[in-house]
Amino acid sequence: MLNTFCKTKTFKIIIGKRDELGVCMITLINPDSNTEVLSKLDFKTPPIGLAYIASVLRENGFNVRIIDNVVEKLDLNEIIRRIRDSVVVGITTTTPTFNTALKYAKKIKQALENVFVVLGGIHVSFLPYSALKYEFVDAVCISEGEYTMLELAEKIERGKSPEGVKGLIYKENGKIVDNGRRDFIRDLDSLPFPAYDLLPLEKYSILGQKLEHFPMMSSRGCPFSCRYCASSLFMGKRFRARSAENVVDEMEWLQDKFGAKYIAFSDDTFTLSKKRVEKICNEVKGRCLDVEWSCSSRVDTINEELIKKMKSAGCNCIYYGVESANPKILNDYYRKKISLGQVTTAVKKTKENDIQTVCSFIIGAPMETKEDMMKTLKFSIKLNPDYAQYSILTPYPGTEIYREAKEKGWLLTENFDEYTCGKPVLKNFYLTPREISKFLRYCYMRFYLRPRFIFKEIKNKNIKIMFEIIKKLLFRSGDDNG
Ligand code: B12
Ligand code: SF4
């Protein structure tokens, strides 16, 4: 069955520079999403993962296109019309977009039956068989996709089965074959920069403002084990960091090639190695790069010295995961391993050094009472970061919290469309789902409708952003707060 994939399409239709076999067209798709962050706060940024895969494929001679349907908003028939020349179609998944990805896979496979459909991304990496059970999914890629996708494309191009492609679970003669895990990419500097030129850059925006912001990933992996997070299992517990030179090369490239004015580092914990951050800062200053940037940090991997250094190299915003003001929930249940004292110090020092702070808070743990949640809300207001993000605890597959909830029957639904962090999907012993939703909305109102916040935004001339936030808060519909 697999041997027919390329024979009919690639070899005949596509002629190109690759070699005697011709050039396969690989299509990568980011399905549309209706999650709160994207739809309500208009947060649309390029999908780095797909751009990395595209870049590696292209570097190896394949033709690649990316359809980012979060911003393209194409109807599925139109997508099918555009991708008819594809030999492999790869679709990315997160938990809230999993069902949409399946819908795409089904329609594409029905219309283009010779196409090899592979799903990748965090959701299917943890629940591969939930996708493979459908006849329209040919394979699932576990974890990092750059080289798995490349080897898969090479096999398909040669009319071979994906046998032996590490990181891939696929179907052959009606059987599911697990090729085993692929080692994580050790040397991230060896990766080409993401193929952003394949994306409709003019369509990205943050809070309605056109994208001069570019995301960057300067490291992968996290050694911590917070129970609500699957990152450390997904990209590995070993922190794999790009060198300072390579990171700043990309910053410079983004600026020169795409006019980037702002870079948002999406690393799980950008500041895990203080030494590396210092080197990045020195490199940015040494090259006189005029670019501002943001990153995320744990409150215990930063200090005032580093904050000052980061400020001097253009950092203007740090995202801290605070999560809960109840030590029992924060450390016994979430295993975040930080103290509220560290939170207060980190936020205070960051603000004193004129760097904006965004703090995230989670409500809705099973054993959390309304008083506990109120304590977190009050703490967030007292802490007074520049912006606060409140979410409802969501048990994502792969996390400890998911495993426990599934075992104990605490999942309110397994419809992954609901796993957006804005809807209660986990049982709480004291509050109804409706009460939790209401409380989330209350958190946003209490934080953002404070005169202190509004005056600050006016003073900082952030009127447009403030207006957008307030508009979204006041005019959102239903209970889907995010
Ligand atoms: C940046 C980011 C965002 C950006 C998205 C930018 C974008 N357009 O992609 C924004 C802010 C919009 C966002 C939104 C949300 N996010 Co987010 N986000 C991240 C973050 C920090 C980095 C993602 C990233 O760029 N990674 C770098 C690249 C290299 O990795 P990657 O994308 O995973 O891709 C690799 C592999 O997955 C694989 N792969 C991926 N796709 C495919 C496809 C194929 C065919 C193949 C073969 C391989 C493959 O290969 C890629 C290269 O190695 C991650 C945390 C993390 N460490 O991953 C969270 C993360 C992905 N987000 C998460 C969540 C929960 C959300 C929201 C629900 C939050 C909310 N409350 O609304 C929304 C949902 C968005 C959605 N549509 O799914 C969770 C997802 C959990 C889950 N199981 O779904 C994560 C893991 C954070 C966490 N630790 O829990 N997010
Ligand atoms: S929440 Fe942050 S520190 Fe904790 S495991 Fe996830 S990425 Fe690591």
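From which domains does the shell around ligand 1 draw at least three residues each? Domain 1 (4–178) and domain 2 (212–477) each supply at least three, with bounds taken from an automatic or database domain assignment.

## What we're looking at

This is a predicted model, where local features need pLDDT of at least 70, side-chain atom pairs count only at pLDDT 80 or more, and totals for chains, interfaces and linings use all residues. Residues are numbered from 1 along each chain as its sequence is written, while chains are lettered from A and ligands numbered from 1 in the order in which they are written.

The protein chain has a mean pLDDT of 90, and 89% of its residues reach 70 or more; pLDDT is the predictor's confidence in each residue, from 0 to 100. Residues 1–21 stay under 50, yet the model gives them 43 contacts beyond four places in sequence (a contact means C-beta atoms, placed from the backbone, within 7 Å). Over residues 477–482 the pLDDT is below 50 too, with 19 contacts beyond near neighbours in sequence.

Seven strands make an open, mixed sheet in the order β3-β1-β4-β5-β6-β7-β8. Strands here are DSSP runs of E, at least two residues, and helices are runs of H or I, at least four, numbered from the N terminus; two strands pair if DSSP finds at least two bridges between them. Neighbouring strands are turned by 20° against each other on average, direction ignored.

Strand β1 (residues 25–30) runs parallel to β3, joined by six bridges, and Ile26 has Val64 as its bridge partner in β3. Helix α4 lies across β1, β3 and β4, at about 170° to β3. Helix α7 (residues 98–111) lies across β1, β4 and β5, at about 170° to β5. Those angles run from 0 to 180 degrees between N-to-C directions, using axes fitted to C-alpha atoms, for helices over the stretch in contact.

## Around the ligands

Ligand 1 is surrounded by 45 residues, the closest being Gly49, Gly90, Thr92, Gly120 and Gly145 (near means a C-beta atom, placed from the backbone, within 6 Å). Elements giving two or more residues include β4 (88–92), β5 (116–120) and α10 (146–157). The largest share, five residues, comes from α4. By type, this shell has 22 nonpolar, 19 polar and four charged residues. Nonpolar means Ala, Val, Leu, Ile, Met, Phe, Trp, Tyr, Cys and Pro; charged means Asp, Glu, Lys and Arg; the others, Gly among them, are polar.

Around ligand 2 are residues including Cys222, Cys226, Cys229 and Arg298. That shell divides into four nonpolar, five polar and two charged.

Terms used: Two residues are in contact if their C-beta atoms, placed from the backbone, lie within 7 Å.
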